[in-house]
Amino acid sequence: MPLLAQGILNDSRLWIVLTIGALIAVLVFIAILARFFRLYIQSITTDAGIGLFDLLRMTFRKVNPTVIVRSKIMAVQAGITEEEGVTTKGLEAHYMAGGNVPLVIRSMIAARKAKIVELGFKQATAIDLAGRNILEAVQTSVYPRVIDCPAKGSKRPSLDAIAKDGIQLKVKARVTVRANLNQLIGGATEETIIARVGEGIVSAIGSADSHKEVLENPDRITKAVIDRNLDSQTAFEIVSIDIADIDVGDNVGARLQADQAEADTRVARAQAEGRRAMAVSQEQENLAGIEEKRAKLVEAEAEVPRAMAEAFQTGKLGILDYYKMKNVQADTDMREAIATGGK
């Protein structure tokens with residue numbers, strides 16, 4: 001009897017444990033159902049294909065079930081199937097990678113509705129993870145955007161270029177671009193487009209023989225710029241380039257010629273001043289040479305009396321010879337006086 005009573009007691013305890021466990025499981029199920037009931041019903045009614053255990057798994061993986069379910073519902077309602085890569089696991093993976101899942105789905109829906117842009121799930125997620133706004137890129141592909149050249153807020157209000165005749169032209173252009181989804185990753189941005197278009201406009205004006213040709217046919221600038229394939233390796237495709245405004249600036253050629261003439265005049269003056277200084281220096285050297293020779297002459301003349309005295313002493317010069325020399329000297333002095341007018 002004691003053994004029977006003990007067995008009955010053990011069975012009752014087992015049933016109590018099982019009952020408590022069942023109640024806990026029911027409560028957990030009710031809690032899970034209460035939390036995910038609305039999402040589960042939405043998934044079932046829209047054929048999104050996300051089950052209750054999938055929602056529970058997302059919670060354990062720290063994935064927001066609401067974002068995944070609503071994104072999957074948007075894709076299914078738009079006719080985007082799992083064969084195109086939009087699976088529950090794919091959405092979860094993109095969410096865990098830090099991507100914007102709803103934005104990717106909306107961009108794919110916009111591309112499909114437009115029917116002019118082909119955008120797959122892998123390409124859309126790659127663009128989104130690269131930091132680009134994929135929805136804005138799709139909208140730019142559908143509705144081209146206008147870029148001012150030069151950009152608003154830049155230091156220069158216009159593009160300044162000079163034709164071959166020296167006349168300056170100030171140009172403002174507007175560039176219509178469409179996003180190129182295939183080159184959106186790694187492609188250059190708007191700043192590159194603006195820089196390339198500005199360079200092309202300046203080059204086209206610079207190659208014109210006269211500024212009048214540019215004023216008469218502004219479209220020659222746009223044609224020359226478009227033919228240069230400026231949208232290569234960029235995230236955009238240039239649709240058109242339009243000249244919004246063109247004004248005549250300064251006569252830069254005449255100003256440069258005047259500056260060159262002034263510079264040439266200064267160079268000529270400097271060279272003339274150098275030659276004058278050289279002439280003055282040469283004149284001073286000549287005067288110094290004359291004074292040196294005059295000193296030598298005076299020194300030589302000082303030797304004459306000494307030589308004459310020595311000649312008298314040695315008998316080489318007589319009195320008559322001396323007087324003849326004096327007469328010759330007097331005659332020479334008279335001739336010099338007559339030649340100089342008695343001065």
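Student: Leaving aside neighbours within four places in sequence, which residues is Ile-201 in contact with?

Tutor: This is a predicted model. In it, Ile-201 is in contact with Leu-159, Val-171, Ala-173, Ile-221 and Val-225, once its neighbours within four places in sequence are set aside.

Student: How should I read a group of nonpolar residues like that?

Tutor: In soluble globular proteins, nonpolar side chains tend to be buried together. Here, the largest nonpolar core has 57 residues, and Val-197 and Ile-201 are those with the most contacts inside it.

Student: Which helix gives the most to this core?

Tutor: Helix H5 does, with 7 residues.

Student: How do I describe the packing of H5 against another helix?

Tutor: Two packed helices are described by the angle between their axes and the distance between the axes. Take H5, residues 101-114, and H7, residues 134-142: their axes come within 8 Å and cross at roughly 15°. Angles under 35 degrees count as roughly parallel, so H5 is roughly parallel to H7. The crossing of these two helices is left-handed.

Student: Which residues of H5 and H7 make the contact?

Tutor: From H5 they are Leu-103, Val-104, Arg-106, Ser-107, Ala-110, Ala-111 and Ala-114; from H7 they are Ile-134, Leu-135, Val-138 and Val-142. Sorted by class, the contact of H5 with H7 has 9 nonpolar residues, 1 polar and 1 charged.

Student: At what angle do H4 and H5 cross?

Tutor: Helix H4 covers residues 88-96, and its axis crosses that of H5 at roughly 125°, with the two axes coming within 9 Å. That angle makes H4 oblique to H5. On the H4 side the contact is made by Leu-91, His-94 and Tyr-95, and on the H5 side by Val-101, Val-104 and Ile-105. By class, the contact of H4 with H5 has 5 nonpolar residues, 1 polar and no charged ones.

Student: Now a residue in a loop. Where is Arg-228 found?

Tutor: Arg-228 lies in the loop between helix H10 (219-226) and strand S4 (236-251).

Student: Is Arg-228 buried, exposed or partly exposed?

Tutor: Partly exposed, because its relative accessibility is 39%, and buried would require a value under 20%, exposed one over 50%.

Student: What does Arg-228 touch, not counting residues up to four places away in sequence?

Tutor: Arg-228 touches Glu-199, Gly-200 and Ser-203.

Conventions: Residues numbered from 1 in each chain as written. Predicted model: local features only at pLDDT ≥ 70, side-chain atom pairs only at ≥ 80, totals over all residues. Heavy atoms only, no water. Axes fitted to C-alpha atoms, helices over the stretch in contact; angles between N-to-C directions. Helix = DSSP H or I, 4+ residues; strand = E, 2+ residues; numbered from the N terminus. Parallel < 35°, antiparallel > 145°, perpendicular 65-115°, else oblique. Left-handed = near helix turned anticlockwise from the far one by under 90°. Contact = heavy atoms within 4.5 Å. Nonpolar A, V, L, I, M, F, W, Y, C, P; charged D, E, K, R; others polar. Buried < 20%, exposed > 50% of the residue type's maximum accessible area, 1.4 Å probe, protein only. Core = buried A, V, L, I, M, F, W, Y, C linked by side-chain atoms within 4.5 Å.
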